[in-house]
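Thanks for coming. Have the sequence and the model open while I talk.

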Amino acid sequence: MNATTVLQQTIPAAGDREVRDTLLGLARRSIAHGLRHGQPLPPALAGQAPFLAEHRASFVTLTRDGQLRGCIGRLEAVRPLGADVADNAFAAAFRDPRFAPLAPQEFDQLRLTVAVLTPPEPLPVRDEAELLARLTPGEHGLILEFGAHRATFLPKVWEQLPEPAEFLAHLKRKAGLPADYWNEAMRFSVYRSIDYTEDGD
């Protein structure tokens, strides 16, 4: 049984409307709470759905007019999913260093995506060619680690970077490395996600 199967046993797939509405509603309520109080929605207000108590890792992505407006998450499952989504939604809105904190007038223009991740699995490879051959576009999220350099791309990034070589080159640059850099000490892991996205244009 793989990690994706285990995840889907406890967190239903993206087509489950109740789960989708619960996670996206929680993320949006946490951002609204942040606008009013300057902090994430407290765990006591996150909701009582059993799957929210599961320890899962998540990312929350905000877009506005089709452009990225914030994205924050974690790769390790260290707390209940409800708390993770609430904190990540708040952080994506107000603490993503790439953007100014969200202004109240932007709130209704946001489109949210909550990604629930499977545990990362090490992907040992001998060289870049083997890495590229083992990646599955549209399915794998990828983590790169090399000394102080660390970066990840969620599976959704394949929509913008559909070719494995391009995907990897951009991930290297995100980690602060040259696009053509390779070192045998580089370590990689892959994971998958179930994405829940608000309706939009």
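Glu 121 is partly exposed, because its relative accessibility is 31%. For the cut-offs: buried means under 20% relative accessible area, exposed means over 50%, and partly exposed lies in between, with a 1.4 Å probe and protein chains only. Glu 121 sits in strand β4.

Some ground rules. This is a predicted model, so local features need pLDDT of at least 70 and side-chain atom pairs count only at pLDDT 80 or more, while totals for chains, interfaces and linings use all residues. Residues are numbered from 1 along each chain as its sequence is written, and side-chain values use heavy atoms, with hydrogens and water left out. Helices (H or I, at least four residues) and strands (E, at least two) are DSSP runs, numbered from the N terminus.

Now confidence. pLDDT is the predictor's confidence in each residue, from 0 to 100. The chain averages 91, and 92% of the residues score at least 70. Where pLDDT is low, the predicted coordinates should not be read in detail.

Back to strand β4, and the sheet around it. Four strands form an open sheet, in the order β4-β7-β5-β6, with antiparallel pairing. The edges are β4 (121-122) and β6 (149-153); each has a single partner strand, so one side of each has no neighbour in the sheet. Two strands count as paired if DSSP finds at least two bridges between them. β4 pairs with β7 (residues 187-191) over two bridges, antiparallel. There, Pro 122 has Ser 189 of β7 as its bridge partner. At the other end, five bridges join β5 (residues 141-146) to β6, again antiparallel. Leu 142 is bridged to Phe 153 in β6. The β5-β6 hairpin has two residues between the strands. Gly 147 takes a positive phi there, near 60°.

Next, helix α5, residues 164-174. Which of its residues are buried? Pro 164, Phe 167, Leu 168, Ala 169, Leu 171 and Lys 172. What do they pack against? α4 (128-134), β5, β6 and β7. Just after α5, Gly 176 has a positive phi of about 90°.

On to strand β1. Six of its eight residues are buried. Antiparallel to β1 runs β3, and eight bridges join the two. One example: Thr 61 is partnered with Thr 113 in β3. β2 (residues 67-73) is also antiparallel to β1, through six bridges. Here Phe 59 has Gly 73 as its bridge partner. The β1-β2 hairpin has two residues between the strands, and Asp 65 takes a positive phi near 55° in it.

Now the cores. A nonpolar core is a set of buried Ala, Val, Leu, Ile, Met, Phe, Trp, Tyr and Cys residues joined through side-chain atoms within 4.5 Å. The largest one has 29 residues; Leu 23, Ile 31, Leu 62, Val 85 and Val 114 touch the most other members. Who supplies it? α2 (17-37), β1 (57-64), α3 (81-94), β3 (110-117) and β8 (193-197) each give at least two residues. The largest share, eight residues, comes from α3. Take Ile 31: leaving aside neighbours within four places in sequence, its contacts include Leu 62, Phe 90, Leu 102 and Leu 112. There is also a second, separate core of 20 residues, with Phe 146, Ala 151, Phe 167 and Leu 171 among them.

Finally, the whole chain. It has five helices and eight strands, in the pattern α-α-β-β-α-β-β-α-β-β-α-β-β. The radius of gyration is 17 Å, close to the 17 Å of the globule rule for 201 residues, so the chain is as compact as a globular protein of that length. That radius is taken over C-alpha atoms; the rule is 2.2 Å times the number of residues to the power 0.38. The C-alpha trace spans about 50 × 40 × 35 Å along its principal axes. Of the 201 residues, 46% count as buried. Among contacts with a separation of 6 or more, 70% join residues 24 or more positions apart.

Key. Contact = heavy atoms within 4.5 Å.
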